[in-house]
Amino acid sequence: MPVKLPWLKGVFPALVTPFVKKTEEIDEDAYRLLIRHTLPNVDGLVTSGTTGEFPYLTREEQRRLVVIGVEEAGGKPVIAGCGASSTQEAIALARDAKEAGASAALIVTPYFLHPSDKGVYQHFYDIATTVDLPIILYNIPQVMDRYLPRTVVEDLADLPNIVGLKDSSGDLTYTMELLEYVSDRIDIFIGHDEVVLPALAGGVSGMILASAQVYPDVWQKVFRLVAEGRLEEARALQRSVQKLSRIFCRYGGGVAVKAALKMMGLDMGRPRKPLKGVGGALIHETRAEIRLELEKLGKIPVEEAAFEYPSGLLVERFGDLEITPAGLAAHHMRVGSGVAGEGLNKVQIDLVAGGKETPLGDAYALQLTYPLHGREALTAILEPALTVRPATLLLPTLPQKNLRQANMIYGPTQSALARAIVDALEAGLPSASGGTGGVKGHIPPAAVDGEVMVALATVHPRALDRHALYQSVHAAATQALAQAFSGARGEEPGTREEE
Amino acid sequence: MGYKTEWLKGIFPALITPFTPDDRLDEEAYRELIRFVLPHVNGVVPCGTTGEFSYMTLEERKRAVEVCLDEVSGRVPVVAGTGCQSTRETVALTEWARDAGASGALIVAPYFLKPTFNEVYDHFRAVDQVGLPFILYNIPQCAGTHFKWWTAEGMALDLDNAIGIKDSSGDLPFMDAMFEKVKGKVSIFVGHDEVVQPALAAGADGAILASANLIPDVWQRVYRAVQEGDLETAQYWQQRVQKLVRIVVRCSSTQAVKEGLRMMGLPIGDSRHPIMPGGGFKREDYGELRLQLEMLGKIKKAPVTYDLGGRQVETEVFATPQTPRTISGFTLKVGEGFAGPPFQELAHVDLLMGLKDGPVGRAIERSMAGWGEERGLRIINERPRTLLVPTVTIRTAKQRRLFYEHAAEGVNLGIRLSIEDGFLPEGILDDVALIANVFVHPAASIAKRVEFNNYKATRHAIRKALEGRPTVEELINEKAAARHPFRYAP
């Protein structure tokens, strides 16, 4: 009967490997900084795992990472990633790791060429019987394109040097199957950040996670709370990091982790090529999302934004469009305003509609040449290739300083405005009101081709709940449209004050 | 032991089933479609996958087959789709088709619940007892079950009334295994429009195709060319229609075929829900399918009058029933173009078209006299005068190259081809101006793709601006289901 290792439990970060810009050499100082940042909240370290870009590291580099890890770990165990495509190379890496002082080796299922189940067994058997170092098997089908077969694990678990298995699949049916068959002999670790809590509750011994270098404190608490049976609190914590964990698992992996660490002041450089720092697996939009989530977690300070919702006479709010109260009146334009939502989700929409021949037609065309830097207008669309009619521009009243703000305008604000317009359009059709003509307060058919609209949108710069924002914009835009289209066209707009 | 019939060869369209606006079988339109394809085909298949059999009641399926049999009246064989999920229903419907006079039945692998292969075999064995010749139908994309070669072989060799196999998987190694095992014993039909020519060249007896509703004549050419050993001609035509059939096969074939037929002037309604316009067959695919049909001569030019206020310009454009015969309102027209994939290289063009002495012309002159240079605006064409505006601030040399060289070249190509095809007639080039507000993603890499996507987006945006698309009706139909990709958090 194999003996379990007493230290093999708890929280282990799968460390990124920092590189110097341009040369792509390992940045040892940054690596030490990173380890010191995580150390208080972890039970050990994992070097050159998948998050550590092991396939891009030389054998010597991997050995060096273990050396540094052991130097910095203050006696905590260091698990060395020793993954390789060939058995021969995996053995060499494991030997290096042992000499460098590693406590165990983490070894992935052999990849690229796909060996049979027999080949997979022989791979681990050869390593375990050649090198005297505890081995943790590693299932990560997302990159290896295959599962480590449970039946193979079942047999490998009998070998004295096989002490654990890390399952990064996120497939809890597989994790449960392993717990059923081998948890009496080896320790199962969860390697998928999105399902840590259910896996712990299901009986795994610990976690090896990319995100355990970003919020090791959260995972340490989750680990202890589950051990104490305090599931309610553990659930709340897991949920607080769910989105970030999802981003790390699905939308960028180690690249996204490096982006997060950089925002927290730990510059780990870029990944090695062909991976891009941003714009590849990690897209710009997602990187902006990481910042939002780190703010929520309190990992980085929130930028306070001073701003105001437009107030005063509604007819005086369209100066940016060079539309004056007198112009509104002279050209029989329609205006309306609406406010909805609370706190970060409060939205104000000030809307103007008018004939294409009026100065509003000029303003519409001019806005698409971007005269207001940082406040670029965009077309109201339900989705790409579904532009609303009458043609409508969305013009943010606050400068869009970063993608985080832009993410709230593109998408949620844009499509909610569009939806409110099409709703108002449908209500204005004869068919929608029993065939007798338009409904008061809604867009008449004649406006579809004859008019354009511009909606000034004031969205809180720190808004982050897209669903709530969509609802607020839709409600505010609906109010604004109702007001704009309620009076007879040509009614003196100056007489209509907001609220 | 199955057998090979003399009649089961050549091109068979998998007929779409037209529905009326109130969602009933549109028998008149169905007859018109059958008359349209009949001169070019060796047989027809009513109520196949493209015929939306899975959305029809048994009574409707029977009626569709009856109408088809009546309209065809013996001129070509009629192979009725009679596959159902359960053996019991499949046998009953196949018995009905036998009595109604169908030449044969096309029977899909039982789907949704995934029977094992011996269960599938016994399903077909029960069908075999009906006595109507039948074709085994492999379409893993929908049925979820991909025949193994030994299952297909067993059925073809064991069952007395098996006369063929239709393989829609597009999996040529599977098809080659069929040739190895059962060639000459039953007919082997290809059902994947993208690999028709290679399958025929390798020995397939014929094809049952969704796109044979649209281009039966082309497929007949390909079939005959292969029979005559003229592979060069067969390859030429396959390649010529490759994009069209890729759109059909990959983009919700039934709706794509229906919209294509409608563009060609046949009175065909939409697919039944949950298939819907702007769904699998996306809005951006619409323009591409249309261009392909134009290129093949399936959509004809028609005279259109542009009313520029004081003056009228006559032109000829490839017109669909949606194209207005008089176009006015040149003060300001808005068209949106969108083309992808891939994500990083997708193109999004907000296009404004309008008179030079109107809002568009004035905005161009004012911006160029003011902030134009600082913000990276550029005039890229004089006829019509065209202003290129970057949606995203250009920061790097790579972005600059992709935007001002490749995206700009794409926009200009879209304009040039719109001039050639009549949508931008010579008579308006000195009167109208364009503003193209163009999005190139900061992470874009593939230069030619940026160019192609911007060409497509621009060409379609010009047409949408002129034709007033999307229409209010389209907006209202799709407003609830519309899904803006950036509306959701990751």
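I began with Asp96(A), which forms a salt bridge with Arg59(A); the closest N and O atoms are 2.7 Å apart. Asp96(A) sits in helix 3 (residues 87-100) of chain A and Arg59(A) in helix 2 (residues 59-72) of chain A, so the pair ties together parts 37 residues apart in sequence. I noted that this is a predicted model.

I then looked up burial for the two partners. Asp96(A) is buried, at a relative accessible area of 9%, whereas Arg59(A) is partly exposed at 43%.

Next I took Lys243(A), which pairs with Glu293(A) in a salt bridge, with 3.3 Å between the closest N and O atoms. This pair links distant parts of the chain, 50 residues apart: Lys243(A) is in helix 11 (residues 242-250) of chain A and Glu293(A) in helix 13 (residues 284-297) of chain A. Lys243(A) is buried, with a relative accessible area of 15%, and Glu293(A) is buried at 5%.

In chain B I checked Glu52(B) and Lys258(B), whose side chains meet in a salt bridge at 2.6 Å, N to O. Glu52(B) lies in the loop between helix 1 (27-37) and helix 2 (58-72) of chain B, and Lys258(B) in helix 12 (residues 253-263) of chain B, 206 residues apart. Both Glu52(B) and Lys258(B) are buried.

I logged the total over all chains as 68 salt bridges.

Last, I looked at a helix pair. The axes of helix 3 (residues 87-100) and helix 4 (residues 117-128) of chain B come within 9 Å and cross at roughly 25°. The two helices are therefore roughly parallel to each other. Their crossing is right-handed. Helix 3 of chain B contributes Thr87(B), Thr90(B), Val91(B) and Thr94(B) to the contact, and helix 4 of chain B contributes His123(B), Ala126(B) and Val127(B). I sorted these residues into three nonpolar, four polar and no charged.

Methods: Residues numbered from 1 in each chain as written. Chains lettered and ligands numbered in written order. Predicted model: local features only at pLDDT ≥ 70, side-chain atom pairs only at ≥ 80, totals over all residues. Heavy atoms only, no water. Axes fitted to C-alpha atoms, helices over the stretch in contact; angles between N-to-C directions. Helix = DSSP H or I, 4+ residues; strand = E, 2+ residues; numbered from the N terminus. Parallel < 35°, antiparallel > 145°, perpendicular 65-115°, else oblique. Left-handed = near helix turned anticlockwise from the far one by under 90°. Contact = heavy atoms within 4.5 Å. Nonpolar A, V, L, I, M, F, W, Y, C, P; charged D, E, K, R; others polar. Salt bridge = Lys/Arg side-chain N within 4 Å of Asp/Glu carboxyl O. Buried < 20%, exposed > 50% of the residue type's maximum accessible area, 1.4 Å probe, protein only.
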